[in-house]
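Welcome, and please open your viewer. We will go from stop to stop, selecting a few residues each time and looking at what is there.

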Amino acid sequence: MNLHEYQGKEMLNSFGVQIQRGIVAQTPEEAVAAAKKLTEDTGTGWHVIKAQVHAGGRGKGGGVKLAKNLEEVKEIAGQIIGMHLVTPQTSAEGKLVNQVLVTEDVYYPGESETSEYYMSVLMNRATGRNMIMYSTEGGMDIEAVAENTPHLIFNEEIDPALGLLPFQARKIAFNLGLSGKAFKEMTKFVSSLYTAYVKSDSSLFEINPVLKTSDDRVIAVDAKVTIDENALFRHKDYAELRDLREENPVEVEAKAVGLSYVDLDGNVGCMVNGAGLAMATMDLIKQAGGEPANFLDVGGTADAERVEIAFNLILKDPNVKAILVNIFGGIVRCDRVAQGIIEAYKSIGNIEIPIIVRLEGTNADIAKKLIDDSGLDVHSVVEFQEAADKVQEVLA
Ligand code: GDP
Ligand code: MN
């Protein structure tokens, strides 16, 4: 589950991570009130208005702007709220901005230069350990840094039994070239960031940039936080952080009825039971020259009701030119699934695209007969290869 920047920063701060202060606003008027409050609390004269959408690269798309007075706060908030923000990480249509974060300006001039760093915390799947990835090249596209100057990216692996050790935090501050007060601030930043990562059961933190201010404070200016959904039961208070407006509506609907559905870009819808069979079916579709339009695992109980819900979900995608049902009847009998498909087909009524059904397992022969006798535009096949050939034929 992804959080908005403002939610991520609040969560980090609750674990002692220092952040750029901000207040979220839904309207230009609220943005002005937020800016006034921040001036009272922090003394900041300038403010930054930041679009809150689940996508990075907002600065490049015009979703992060500096306001030097309250008129500019109002004007910029008015421009950003309601805009479709296009960034390198969104589709060409962009993402609708519902709210902005009004923050204090932290790039003020002072004794020393400001510096931007990159820092993320994630699981290294090769070693099965958490690691902190960091770089002196913050504030920019980290993928480009990895491509052009990979020696400027450092990794620090953490032993799960020992946790982050003090010398590791010092090593990070040293490699970032810090000394004096900034060095101490960075070690505190790193250790509270790692504590937050573990205690919140997150799967990714990406702080780009981590800023060293001109008075040598170290703070998170941006925050991309992904919480492991499988651990949400341990954090009931995080459930309300989900912003359904940022998620694919069909996926949200599927989740509500307990189906695993992932929307994809292709033209062949698939309805399958079991994740492994779903992967194999997607391969089959590609081999036949099609592209899967979705991943859909209907699970063990493929009864008429679930099959109907699943068909309806797939049919919401206008790119779908055919549907391939590939169900193995182990616990659930194939004839019951076939009955479910026939009932669902009749009850939906206006299915105008061909459906290819492969039912294998208990009572597969009865199932095939039921479908063949139904008189519907449903093609029943037995072999995997037949299914592939049929997909090819109906797409042609
Ligand atoms: P992203 O573009 O989605 O990664 O959004 P960020 O939160 O990283 O902000 C983009 C850029 O805005 C940062 O890299 C900074 O250069 C700039 N920025 C953020 N906060 C401030 C601030 O307080 N003052 C100034 N002058 N610039 C800021
Ligand atoms: Mn950023």
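Which handedness does the crossing of α10 and α11 have? It is right-handed, a word used when the near helix is turned clockwise from the far one by less than a right angle, anticlockwise being left-handed.

Before you select anything, note that this is a predicted model, where local features need pLDDT of at least 70, side-chain atom pairs count only at pLDDT 80 or more, and totals for chains, interfaces and linings use all residues. Residues are numbered from 1 along each chain as its sequence is written, chains are lettered from A and ligands numbered from 1 in the order in which they are written, and side-chain values use heavy atoms, without hydrogens and water.

**Stop 1: α10 and α11**

Select residues 334-348 for helix α10 and 364-373 for helix α11; their axes come within 7 Å and cross at roughly 20 degrees. Helices here are DSSP runs (H or I, at least four residues) and strands are E runs of at least two, numbered from the N terminus. Axes are lines fitted to C-alpha atoms, for helices over the stretch in contact, with angles from 0 to 180 degrees between N-to-C directions. The two helices are therefore roughly parallel to each other (under 35 degrees; over 145 is roughly antiparallel, 65 to 115 roughly perpendicular, and the rest oblique). Now show the side chains in contact (heavy atoms within 4.5 Å): C334, D335, A338, Q339 and I342 of α10, with A364, I366, A367, L370 and I371 of α11.

**Stop 2: α9 and α10**

Among the residues in contact are F311 of α9 and I341 of α10.

**Stop 3: α8 and α12**

Next, select residues 275-287 (α8) and 384-395 (α12), which pack at about 45 degrees with their axes 10 Å apart. Here L277, A280 and L284 in α8 meet F384, A387 and A388 in α12.

**Stop 4: the manganese ion**

Finally, click on ligand 2. What coordinates the manganese ion? The donors (N, O and S atoms within 2.8 Å of the metal, or 3.2 Å for Na, K and Ca; water is not among the atoms, so sites may look incomplete) are N208 (O) and D222 (OD), at 2.2 Å. N208 sits in strand β10 (residues 202-212), and D222 in the loop between β11 (218-220) and β12 (224-227), 14 residues apart. N208 is buried, with a relative accessible area of 17% (buried is under 20%, exposed over 50%, partly exposed in between, with a 1.4 Å probe and protein chains only).
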